[in-house]
Amino acid sequence: MTTITIGVDLAKNVFSVCSANAAGRVLDRKDLRREAFAAYLVQLPPGTRVAMEACSGAHYWGRRCVELGLQPHLMA
């Protein structure tokens, strides 16, 4: 199965990223610095859901996701 959702825990320097398939099964977990996270987003297929907590940094990353054809979801 392919990845359809990426969950991101945003922080100051290192982001925790978790990918899950349609059944909700975790496929991969990794910690990425800001630059590596930006490169990671570029390689995701268009339409991938990127879920993250709603904070000031999330709005920036949400706009980056939209530019790349991804679907950002900000949660309280």
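## Before we start

Because we're looking at a predicted model, local features need pLDDT of at least 70 and side-chain atom pairs count only at pLDDT 80 or more, while totals for chains, interfaces and linings use all residues. Residues are numbered from 1 along each chain as its sequence is written, and side-chain values use heavy atoms, with hydrogens and water left out.

The names work like this: helices (H or I, at least four residues) and strands (E, at least two) are DSSP runs, numbered from the N terminus. Two strands pair if DSSP finds at least two bridges between them.

## The sheet

Let's begin with the strands. Five of them form an open sheet in the order β3-β2-β1-β4-β5, and the pairing is mixed. The edges are β3 (26-33) and β5 (71-75), each of which pairs on one side only. Neighbouring strands are turned by 20° against each other on average, direction ignored. Axes here are lines fitted to C-alpha atoms (for helices, over the stretch in contact), and angles run from 0 to 180 degrees between N-to-C directions.

## Who pairs with whom

Two of the pairings are antiparallel hairpins. A hairpin of four residues takes you from β1 to β2, and these two strands pair in the antiparallel sense over five bridges. In β2, V8 has V17 as its bridge partner, and T5 has A20.

β1 and β4 run parallel and are joined by four bridges, with T5 opposite R49 in β4. Then β4 (residues 49-53) pairs with β5 in the parallel sense over five bridges; M52 has L74 of β5 as its bridge partner.

## A closer look at S19

S19 lies in strand β2 and stands opposite D28 in β3. Is S19 buried or exposed? It counts as buried, because its relative accessibility is 5%. The cut-offs are simple: buried means under 20% relative accessible area, exposed means over 50%, and partly exposed is in between (1.4 Å probe, protein chains only).

Leaving out residues up to four places away in sequence, S19 touches T3, T5, I6, R25, V26, L27, D28 and Y40. Contact means heavy atoms within 4.5 Å.

## Helix α1

Now for the helices. α1 (residues 34-42) lies across β1 (5-9), β2 (14-20), β3 and β4, and runs at about 135° to β3. Its buried residues are F37, A38, Y40 and L41. These sit on the same side of α1 because they cover an arc of only 160° around the axis. (The arc is that of the directions from the helix axis to the C-beta atoms.)

What do the buried residues of α1 pack against? They pack against β1, β2, β3, β4 and α2. On the face turned away from the buried side of α1, you'll find the exposed residues E35 and V42.

## Helix α2

Helix α2 has a buried side too: A58, W61, G62 and C65 are buried. They cover an arc of only 110° around the axis, so they are on the same side of α2. Those buried residues pack against β2, α1, β4 and β5. The face turned away carries S56, R63 and E67, which are exposed.

## How the helices meet

How do the two helices sit relative to each other? The axes of α1 and α2 come within 10 Å and cross at roughly 30°. That's why α1 and α2 are roughly parallel to each other. For reference, angles under 35 degrees count as roughly parallel, over 145 as roughly antiparallel, 65 to 115 as roughly perpendicular, and the rest as oblique.

The crossing of α1 and α2 is right-handed. A crossing gets that label if the near helix is turned clockwise from the far one by less than a right angle, and it is left-handed if anticlockwise. As for the residues at the meeting place, R34, F37, A38 and L41 in α1 meet W61, R64 and C65 in α2.
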